[in-house]
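Please have a look at the model on the screen before I go on.

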Amino acid sequence: NRVLLPEPIGWQELRLVHTDGYLESVHEPRGLSRVFGVDLTEAQQERLIEAQRTMAAGTAMAAEAALPRRSVAFNLGGGFHHALADRGQGFCLFNDLALAVGRLRRQGFAGRVLIVDLDLHDGDGTRRIFADDASVHTFSIHNAPWGDEQAVESTSVSLGAGVEDERLLTTLAEQLPPLAARFLPDLVLYVAGCDPAGDDRLGNWKLTADGMLRRDRFVYETFRRLRQPPAFVGVLAGGYGEHTWRY
């Protein structure tokens with residue numbers, strides 16, 4: 001096992017996904033206020049920008065580490081799935097998932113990517129970025145849609161509020177294995193959100209710690225069972241509470 005420490009992703013690399021106009025806007029006064037919903041000092045803005053640039057680099061580094069041998073890697077951060085090409089939203093500045101794919105593509109990787117998003121919230125930004133890309137399937141089970149759900153390769157399932165373990169696990173069992181067998185990804189990016197937990201401050205689901213562990217194991221084992229298992233990368237995504245770290 002190896003532990004790798006990323007440096008913040010470069011501004012030039014951020015252009016693989018994000019527009020110049022947006023990248024310039026993040027440094028403007030109050031530029032991040034609409035993303036985080038609060039007014040921030042200049043120092044707080046710079047710290048947040050550096051933190052998310054570093055986590056974005058971590059997702060790309062994990063994908064690069066896992067892909068050659070189709071092994072497993074985790075980024076202890078990332079999952080900024082609401083960020084669009086031209087704006088940030090929902091606490092997400094830079095879409096690390098799309099940036100990881102973009103960096104691999106630049107290095108010559110042309111395989112299929114399946115993004116499995118089980119954060120409480122819809123992976124809308126990632127879906128929009130890859131809406132016209134048939135080589136990337138975006139799979140999201142969430143409480144409610146955040147925007148346009150149309151894409152050439154996408155699964156978007158809204159379950160509403162109050163979801164407990166068995167409903168999520170049943171839905172996952174119905175939806176994910178057939179997709180995995182059909183799409184046969186070379187790389188899986190798994191957004192393992194902790195905000196479905198019953199004690200999450202911002203969430204409206206009721207998953208237990210055991211339920212989320214069963215969720216994570218099911219996702220991993222679904223792809224390990226394939227004839228040619230893909231590289232598998234996990235990122236942490238959302239979680240808002242004192243005990244989020246336990247999940």
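This is a predicted model: local features need pLDDT of at least 70, side-chain atom pairs count only at pLDDT 80 or more; totals for chains, interfaces and linings use all residues.

How do the residues of the lining of the largest pocket divide into nonpolar, polar and charged? They divide into 22 nonpolar, 12 polar and five charged, where Ala, Val, Leu, Ile, Met, Phe, Trp, Tyr, Cys and Pro count as nonpolar, Asp, Glu, Lys and Arg as charged, and the others, Gly among them, as polar.

Residues are numbered from 1 along each chain as its sequence is written, and side-chain values use heavy atoms, without hydrogens and water.

A pocket here is an open set of points on a 1 Å grid over the protein atoms alone, where a 1.4 Å probe fits, with protein on both sides within 12 Å along at least five of seven lines, and lining residues have an atom within 4 Å of a point. The largest pocket holds about 660 Å³ of space, a volume being the space filled by probe spheres set on the points, which are joined across faces, edges and corners. Its lining has 39 residues, and A192, C194, V235, L236 and A237 are the closest to its centre.

The second largest pocket holds about 520 Å³, and among its 19 lining residues R2, V3, L4, A73 and F74 lie nearest the centre. Its lining divides into 13 nonpolar, five polar and one charged.
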